[in-house]
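Dear colleague,

I am passing on the structure below, and I would be grateful if you read the notes after it with the model open beside you.

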Amino acid sequence: MAGDLLQPSLLGDTLAAGATPSLKGLQRSCQDCRRCGLAAGRQQVVISRGDPAARLMVIGEGPGAQEDASGRPFVGRAGQLLDQMLASVGLDSELDAYVCNVVKCRPPDNRKPTAQEMAACAPWLAVQIAAVDPAVVLLTGATALEGVLGIKGGISRLRGQWHPWQGRWVMPVFHPSYLLRNPSREQGSPKWLTWQDLKEVQRRLEQDQPPPPTL
């Protein structure tokens, strides 16, 4: 479980304070948001796609150019690969998942969002998690791992491991953009490992057992 590696999450205080569990008005709130400099360069905020009642939430880093233009997360090449890999284990990203990002505005040149930018966007992600209340959260890439669990780096070491968090199961996996740069499907490759991880996610959803309470 690697529970001893968990650090304070950017979402911890927000969730503990009781984020209002409603998605109503989130689009307008994010459109009006000027908490960080990313707002100045965006075309539009990118909130989510998929089913708000889904038991699986997929969280990525932030919007890229195509997401910034369309207003929907994970619609570029990485998103298409994510959809294909979820489908390979019987999961439809529009029907069986709620897909979003740690930050809702595109960082310039698709750079990694800063800690300050992630912290500024944390209240919006906290609202999404509280409202959707997923049984399983899939963290794609190191930025999502840091933004939700507070762990910096370590995606290669921690991918595929379950973490009990806030009464739900969380699994970090490689980001689809990384898999695009490493397309091999040979056993032991990043893409093969991610496929194994997603099969475990599907099994966890079928089991429908929350993690035991933490002391």
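On a 1 Å grid over the protein atoms alone, a cavity is a set of points where a 1.4 Å probe fits but cannot get out, whereas a pocket is an open set with protein on both sides within 12 Å along at least five of seven lines, and lining residues are those with an atom within 4 Å of a point. Grid points are joined across faces, edges and corners, and a volume is the space filled by probe spheres set on the points. By that definition the structure holds 2 cavities of 30 Å³ or more.

Please keep in mind that this is a predicted model, in which local features need pLDDT of at least 70 and side-chain atom pairs count only at pLDDT 80 or more, while totals for chains, interfaces and linings use all residues. Residues are numbered from 1 along each chain as its sequence is written, and side-chain values use heavy atoms, with hydrogens and water left out.

The chain as a whole

The chain has 9 helices and 6 strands, where helices (H or I, at least four residues) and strands (E, at least two) are DSSP runs numbered from the N terminus. Of its 215 residues, 48% count as buried, a word that stands for under 20% relative accessible area, with exposed meaning over 50% and partly exposed in between (1.4 Å probe, protein chains only). Taking contact to mean heavy atoms within 4.5 Å, residues 24 or more positions apart account for 76% of the contacts in the chain with a separation of 6 or more.

The pockets

At least two lining residues come from each of helix H3 (65-70), helix H4 (77-88), helix H6 (142-149) and helix H8 (176-181), with H8 giving the most, 4 residues. The lining divides into 10 nonpolar, 11 polar and 5 charged residues, where Ala, Val, Leu, Ile, Met, Phe, Trp, Tyr, Cys and Pro count as nonpolar, Asp, Glu, Lys and Arg as charged, and the others, Gly among them, as polar.

In the second largest pocket there is about 200 Å³ of space, and the residues that line it are Leu 81, Gln 84, Met 85, Ser 88, Arg 185, Lys 191, Trp 192 and Trp 195. Two or more of these come from each of H4 and helix H9 (190-207), and H4 provides the largest share, 4 residues. By class, this lining has 4 nonpolar, 2 polar and 2 charged residues.

The cavities

The largest cavity holds about 100 Å³ of space and is lined by 15 residues, with Cys 33, Cys 36, Arg 42, Cys 105 and Cys 121 nearest its centre. Helix H5 (residues 115-132) contributes the largest share of that lining, 4 residues, and the classes are 10 nonpolar, no polar and 5 charged.

The second largest cavity, at about 50 Å³, has a lining that includes Leu 82, Met 85, Leu 138, Phe 174 and Leu 198. H4, strand E4 (136-140), H8 and H9 each supply at least two of its lining residues, which divide into 8 nonpolar, 2 polar and no charged residues.

The 12 residues of H4 should span 16 Å at 1.5 Å a residue, and the end C-alpha atoms are 17 Å apart, which agrees; the expected span is 1.5 Å times one less than the number of residues. Its buried residues are Ala 78, Gly 79, Leu 81, Leu 82, Met 85 and Leu 86. After H4 comes Gly 90, with a positive phi near 85°.

Gly 76 lies in the loop between H3 and H4 and is buried, with a relative accessible area of 5%. Leaving aside residues up to four places away in sequence, Gly 76 touches Gln 66 and Glu 67. Gly 76 and Ser 177 are 101 residues apart in sequence and 9.7 Å apart in space, C-alpha to C-alpha.

With best wishes
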